[in-house]
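Please open the model in a viewer and keep the selection tool at hand. The stops below say what to select next and what is there.

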Amino acid sequence: MAKEIIAGIGVSDRVAHLAVFEVKEHKTKLLHLEEFTKSIEDDLWFLKQVADSGNRALKNLSKVSVAINANSAFLHLFPMDTTLTQPEQNEHVHWELANNIQEYHAQDFVHDIHTLKVQAREQVADVLVVAVRRSFLNKIQEFLTAKKLELYIADTNYFGAEQALYLNYPENKIRTFALICSAEQRVDVGIEKNGRLIHYGYTLSNSPDEIVKLMKRIAGDAAIDQILCCGSYVQPHLIDLIHNSTEIPVELLNPFRQFIKTSTFGEFNSFNGRKHRYAASTGVALWK
């Protein structure tokens, strides 16, 4: 496998995080990290600052992945009959979206389905559907194509961070833990068990009390071993407050904990204490 230069961009409300990697078959090298704030009123503000940058780390860039702000997508959780055929499941998904999105037309959206907790006896599964307007994704694709770049992965911040977590914490594939992704105006929380998402929810409050309430509510009777926090807006006191409220070990997610063995980014150590902000951008860039 020839080397590729891949950039991941994690987009929050008014800030974006860029992580650039050189990827080979058996080796991944970190080239650059950068945080930048929204400076123009444009849907693609997070791409324009990257594409127009004169940064040497981006000189041979070939692919770009984007972890979009969850507020730019529609996420909906609902139960689904597991005995339905695939066409019937698709019909059910569109029915759910049509009842929750005004003037919904299936051709206007791209959606992804995540099957969460399955209740085999009742033949019911909790399903999370993530829907994004096709026009928004087309804008991203067209912009990158014009710059001779390939759109590699597009997903939400939560699922980008989930990828980074399993790359760097492989031991968590046999544990039950909570993943908290915090942005300025939204916090997404998932309960992961044995390597897969089983419960999911979000709150529009950044209050630690509200985050803990949400986590406990969606976890139900799941015994959580650990809580990992990431995102652009993790408040300094959040870790201690969550730990004091739950008595569960809490730490910041380090997306470079294990997977990145080498780096030519000279300022890497200056990002200590801020690495958790790059979880989503790292996850979408290194998605397998």
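## Cysteines

The count of disulfides (pairs of cysteine sulfur atoms within 2.5 Å) comes to 0. Select Cys229: this residue is in no disulfide, and the nearest cysteine sulfur, that of Cys230, is 7.7 Å away. Cys229 has 0% relative accessibility and counts as buried; buried means under 20% relative accessible area, exposed over 50%, and partly exposed in between, with a 1.4 Å probe and protein chains only. Now select Cys230 and Cys181: the sulfur of Cys230 is 3.3 Å from that of Cys181, its closest cysteine sulfur, which is too far for a bond. Cys230 is buried as well, at 2% relative accessibility.

This is a predicted model, in which local features need pLDDT of at least 70 and side-chain atom pairs count only at pLDDT 80 or more, while totals for chains, interfaces and linings use all residues. Residues are numbered from 1 along each chain as its sequence is written, and side-chain values use heavy atoms, with hydrogens and water left out.

## The five-stranded sheet

Select β9 to β13 next. Helices (H or I, at least four residues) and strands (E, at least two) are DSSP runs, numbered from the N terminus. These 5 strands form an open sheet with mixed pairing, in the order β11-β10-β9-β12-β13; two strands pair if DSSP finds at least two bridges between them. At the edges are β11 and β13, each of which pairs on one side only. On average, neighbouring strands of this sheet are turned by 20° against each other, direction ignored. Angles run from 0 to 180 degrees between N-to-C directions, and axes are lines fitted to C-alpha atoms, for helices over the stretch in contact.

Within the sheet, look at β9 and β12 (residues 226-231), which pair in the parallel sense over 6 bridges. Ile180 stands opposite Cys229 in β12. Helix α4 packs on the sheet and touches β9, β10, β11 and β12, with its direction at about 135° to that of β9; contact means heavy atoms within 4.5 Å.

Move to β10 (residues 187-193), which is joined to β11 by 7 bridges and runs antiparallel to that strand. Val187 stands opposite Thr203 in β11. The hairpin of β10 and β11 has 2 residues between the strands, and Asn194 takes a positive phi near 50° there. Strand β11 (residues 196-203) has 6 of its 8 residues buried, so this strand is largely enclosed by the rest of the structure.

## Asn157 in helix α4

Where does Asn157 sit? Asn157 is found in helix α4 (residues 157-168) and counts as buried, at 17% relative accessibility. Show its side chain, which reaches the backbone oxygen of Val11 at 2.7 Å. This is a polar contact: a pair of N or O atoms within 3.5 Å, where within protein one must be able to donate a hydrogen and the other to accept it, and residues adjacent in sequence count only if both atoms are side-chain atoms. Leaving aside neighbours within four places in sequence, the residues in contact with Asn157 include Gly10, Ser12, Asn69, Cys181 and Ala280.

## The three-stranded sheet

Select β5, β6 and β7. This open sheet of 3 strands has the order β5-β7-β6 and antiparallel pairing. β5 (74-81) and β6 (109-119) stand at the edges with a single partner strand each, so one side of each is left without a neighbour in the sheet. The twist averages 25° from one strand to the next.

Strand β7 (residues 124-133) is joined to β6 by 9 bridges, and Phe109 stands opposite Arg133 in β7. Helix α3 (residues 134-146) lies across β6 and β7, running at about 55° to β7.

## Salt bridges

Finish with the charged side chains. The count is 11 salt bridges, each a side-chain nitrogen of Lys or Arg within 4 Å of a carboxyl oxygen of Asp or Glu.

- Select Lys3, Glu22 and Lys29, which are linked in a network of salt bridges. Between Lys29 and Glu22 the closest N and O atoms are 4.0 Å apart, and both residues are buried.
- Select Lys48 and Asp42, whose closest N and O atoms are 2.7 Å apart in a salt bridge. Lys48 is partly exposed, with a relative accessible area of 25%.
- Select Arg257 and Glu171, whose side chains meet in a salt bridge at 3.1 Å, N to O. Arg257 lies in the loop between β13 (250-252) and β14 (262-263) and Glu171 in the loop between α4 and β9 (176-182), so the pair ties together parts that are 86 residues apart in sequence.
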